Amino acid sequence: MGHLRSVTLVLAGVTLMASCGAHPPEPSPTASQAPPPSRTAQRNPSPVSPAWKAVRPAQLAASSALLDVAAAGPREVWAVGYQRGAEDREGTPAVTRWDGVRWREVTGLNDHDVNHLTGVSVAGPRDVWVAGNGVNAFAARWDGRRWTARRPFGVAEDYRLTDVAATGGTGSTAWFTGNGPSGGVLIRWDGTAFRNVPTGGGTFEAVTARQGHVWAVGAAQDGTPLVWHGSPDRWERSRTPAIPGGTLRRVWQVSPSDVWAVGEVAPAGAVRDGARIRQGQPLVLHWDGTRWARAEVPVARGALQGVTASGPGEVWISGVDADHPGQALMLRFDGTAWTREYGPLLRPRRPDQQYEDSDHVTRTGVTRVPGTATLWAVGSVGVGDDEDDFVLRR
């Protein structure tokens with residue numbers, strides 16, 4: 001039940017579109033030039049990029065979603081989220097792995113009082129970390145054979161983890177972001193214990209750690225984008241553009257002087273629905289080694305929830321385009337210009353569907369397989385107890 005109920009229709013729809021001459025989209029105008037949205041545009045699917053193919057996910061229980069994806073190689077791609085979720089229950093954890101042939105569920109966490117997994121990081125086949133929440137904030141490491149579960153904040157029930165970045169090596173160092181009573185929390189597992197990093201205020205949504213640099217992103221107390229940067233010995237808040245309503249959801253370092261952070265800008269009076277901001281604007285910030293600057297992307301409304309890169313000329317961002325809500329949005333930056341691509345229509349809209357948003361993509365995540373050109377995207381379509389996970393590959 002965890003795979004899309006309409007997967008056969010999806011694949012058939014992709015074939016039909018291809019036979020009708022579908023082709024990769026051309027670069028679109030910037031957000032400031034985009035025409036005003038219309039109700040018709042919101043319901044009509046955008047042209048599908050034939051490069052993005054629907055792949056059968058692991059067999060999860062009903063009401064499932066995949067919230068994050070990471071890869072260490074062609075046979076080591078991991079995606080996490082939840083299953084058995086609904087409006088009146090939290091659900092149970094979902095961990096899935098691509099072994100080079102198919103997606104399979106990796107079990108062993110159901111007995112640890114955890115329901116949602118929010119982040120995954122893969123340092124190698126015997127070094128996979130997940131972060132999530134149940135009654136308490138929860139972290140676990142896979143060593144190739146079994147899980148070792150940990151509680152970063154003990155029995156405290158007012159902390160939640162949002163993301164993890166594993167760096168591997170001796171002791172399997174990993175960094176975690178989360179939020180507690182006093183705001184954002186950044187912690188490090190040093191192979192023996194969890195250690196807090198002093199930061200001040202705001203909330204954290206994601207973390208990346210590469211080449212001795214750690215970047216944690218989210219939203220500041222004043223409602224503008226938040227970035228903390230440092231190493232185990234030195235930390236500072238980076239100055240970002242003052243964008244009211246801006247929240248950063250994911251971050252990726254290409255090099256210490258080439259970092260991308262993505263999220264959304266909520267309009268005044270916006271209503272939050274989980275990680276979504278209805279009618280918000282996509283937000284992309286870039287660090288060039290000297291300053292953070294906002295990048296204009298060819299989507300006027302929506303939210304961005306994933307980012308990955310293989311170099312300065314190959315950056316991919318995933319999210320949701322509010323004008324084409326039934327398809328996963330993929331943005332590519334080639335070092336000069338942005339182009340946008342869309343996955344297949346995941347659910348045709350039905351007049352009798354359970355919820356108004358039952359045909360909408362709720363969230364997306366994206367990762368690149370190191371050493372290859374392969375990309376994996378995961379997410380969910382629908383809401384509440386009418387939600388299903390999906391997997392796409394390019």
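I shall discuss an open sheet, then one phenylalanine, and finally a hairpin.

Please bear in mind throughout that this is a predicted model.

Let me begin with the sheet. Strands of a sheet pair through backbone hydrogen bonds, in either a parallel or an antiparallel manner. Here we have an open sheet of 4 strands, ordered β6-β7-β8-β9, and its pairing is antiparallel. At the edges lie β6, covering 114-124, and β9, covering 147-150, each of which pairs on one side only. From one strand to the next, the twist averages 20°.

Within this sheet, β8, residues 137-142, pairs with β9 in the antiparallel sense through 4 bridges. Which residue in β9 stands opposite tryptophan 142? That residue is tryptophan 147.

I turn now to phenylalanine 194, which belongs to strand β13, residues 194-197. Although 42 residues along the chain lie between the positions of phenylalanine 194 and proline 152, their C-alpha atoms are separated by 6.2 Å. If we set aside neighbours within four places in sequence, phenylalanine 194 is in contact with Ala139, Arg150, Pro152, Phe176, Ile187, Arg188 and Trp189.

The last item is the hairpin of β26 and β27. Phenylalanine 333 has tryptophan 338 of β27 as its bridge partner. There are 4 residues between the two strands of this hairpin, and glycine 335 adopts a positive phi near 100°.

Thank you for your attention.

Conventions
Residues are numbered from 1 along each chain as its sequence is written. This is a predicted model: local features need pLDDT of at least 70, side-chain atom pairs count only at pLDDT 80 or more; totals for chains, interfaces and linings use all residues. Side-chain values use heavy atoms; hydrogens and water are left out. Two strands pair if DSSP finds at least two bridges between them. Contact means heavy atoms within 4.5 Å. Axes are lines fitted to C-alpha atoms, for helices over the stretch in contact, and angles run from 0 to 180 degrees between N-to-C directions.
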